[in-house]
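Hi everyone, thanks for coming.

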Amino acid sequence: MNDAIRISSPADILGFIPHTLGFVPRESFVFLTMRGNALGATLRVDAPLFADPAGFARSMVDYLAVDMQATSVLLAVYTDTPAGDAPRPFHEYVEAVIQEFEAAQTPIKDAWLVTSEHWRNLLCDSDTGCCLPEPLESITDGQLNAELVFRGSSYQKAPGTTYPPYTGPADTADRIRQAVYGVFAGELHTGRELWADALTRDGWTDPDTAVELVACFQRPDLRDVMFCNVIDPELPDAEDSGDLLIGQGITPDWDRADRAQQLARDLMETTPERYRAPLLTLIGWLSYLKGQSSVAAEHFNLAIEVSPGYRLAGLLEQLVSQGTIAPVAQDADTAYQRHR
C-alpha cells in the first residue's frame, strides 16, 4: 500500500487531492508542495473572502514553509464563485499567492480552477486549448483515481462529517452503562489488552466486544492510554504523554493508525449517540496527526455536539483552530504517506 503512485497529468493531481484530504473540497484553496518531481505536503484552506490578499498569501507561504524540501508548489482553487470582471475567481488572491511563493523561491508551478461543472487551467488567459474547460469525469474516471480506489482509498463526495443515527438493539445503551461500572473498577491493562487485540483483527464485528470497548473509552484515563497505544503499544499509561498527543517526536505505524480509525468508525455504527464522543475524538486526533486538519476539526466539533463540554475534543479543537500542524506531519520521514 506504500508503493509510489505515478502522477502524469493535471487530472491525476486533481484526482489525488480528494483522496489525501478525505473529501472533495468546496470553496477552497488547496496547495501541494513539490519536491522535484514528487508530491510533498498538502494544505487546504477556506477560499478567502475579506482577507488582505498579500497577508493571505504570506500566511500560505508560512504554512508550507514546514516542508523544507519543497522546490515548487501546485494550486487548485475549488469554487463556484463567479469571476466578475476579473480574469479568474479570486484574481487578486491568486496573483498575490504567485508573487509571494516566487519571492520564497518555491514558485507556483501550475494551478487549476475546479467548479461543480468542470475544471481548467487557472494560469492561462488565452483562448488556446489549455484554457478550455475539461469535464470532471476526466478526474474521476482517470487511471490514478481507479488505482487509489483499488488500493482501498475512499473519500466523501462533499466536506462535512456525518454518521447515521444509531438503529441497533434498544438495550445497547443499558449494556454499555453496565459495562462502564466494571471498567471503572478494573485495571488499565485489561482495557489496553482488549484494544490491542481488536486492532489485530480483520473484519471484527463481535457485538459483545464492541460494548466492552465503547465502555472502556468512557473512562478518561483509560481512553487516553488507548489513544496513545495506537502510536506506542507498550505505553502502560498516558502520564507525561503530551508530546505524543500533539504529534511531537513520534514515528507512527500508519497501517495501525488506519486500523484504529476504521475500528472507531465501525464502533460508531454499534454505538448510541450519547457514547460516541471519544470515538469521534479518536478519529479526529488521528486525522490531525495525518495533517488532515479539516477532517479533524469536524470530528472534534461533532464530539462536542453529541457531548457538550467534552474536554479532550475541546482542547484538540483549539489546537487545530489555531492553525497548528502536527509535528509528525511536518517531517517527510514520519508524515502519513499511505497513498503517495
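This is a predicted model: local features need pLDDT of at least 70, side-chain atom pairs count only at pLDDT 80 or more; totals for chains, interfaces and linings use all residues.

Okay, V295. You'll find this residue in helix α13, which covers residues 293-306. Its relative accessibility is 10%, and buried means under 20%, so V295 counts as buried. And what is V295 in contact with, once we leave aside its neighbours within four places in sequence? The answer is L21, F23 and S287. There's also a distance you can check on your own screen: the C-alpha atoms of V295 and I283 are separated by 8.8 Å, and these two residues are 12 apart along the chain.

Helix α11 is residues 254-269 and helix α12 is residues 277-289. When two helices pack, we describe them by the angle between their axes and the distance between the axes. Here the axes come within 9 Å and cross at roughly 155°. Angles over 145 degrees count as roughly antiparallel, so that is what we call α11 relative to α12. The crossing is left-handed, too.

Which residues meet there? From α11 we have W254, A257, A260, Q261, A264, R265, L267 and M268. On the α12 side they meet L279, L280, L282, I283, L286, S287 and L289. Sort the residues of that contact by type and you get 12 nonpolar, 2 polar and 1 charged.

Let's move to the strands. Strand β4, residues 108-114, pairs with strand β5, residues 118-121, in the antiparallel sense over 3 bridges. A hairpin of 3 residues joins β4 to β5.

On to the next pairing. β5 also pairs with strand β6, residues 134-135, again in the antiparallel sense, over 2 bridges. Here H118 stands opposite P135 in β6.

Last, let's zoom out. How many helices and strands are there in the protein? There are 15 helices and 6 strands. Of the 340 residues, 49% count as buried, and V295, where we started, is one that counts as buried. And if you take the contacts with a separation of 6 or more, residues 24 or more positions apart account for 68% of them.

Key. Residues are numbered from 1 along each chain as its sequence is written. Side-chain values use heavy atoms; hydrogens and water are left out. Two strands pair if DSSP finds at least two bridges between them. Helices (H or I, at least four residues) and strands (E, at least two) are DSSP runs, numbered from the N terminus. Axes are lines fitted to C-alpha atoms, for helices over the stretch in contact, and angles run from 0 to 180 degrees between N-to-C directions. Angles under 35 degrees count as roughly parallel, over 145 as roughly antiparallel, 65 to 115 as roughly perpendicular and the rest as oblique. A crossing is left-handed if the near helix is turned anticlockwise from the far one by less than a right angle, and right-handed if clockwise. Contact means heavy atoms within 4.5 Å. Ala, Val, Leu, Ile, Met, Phe, Trp, Tyr, Cys and Pro count as nonpolar, Asp, Glu, Lys and Arg as charged, and the others, Gly among them, as polar. Buried means under 20% relative accessible area, exposed over 50%, partly exposed in between (1.4 Å probe, protein chains only).
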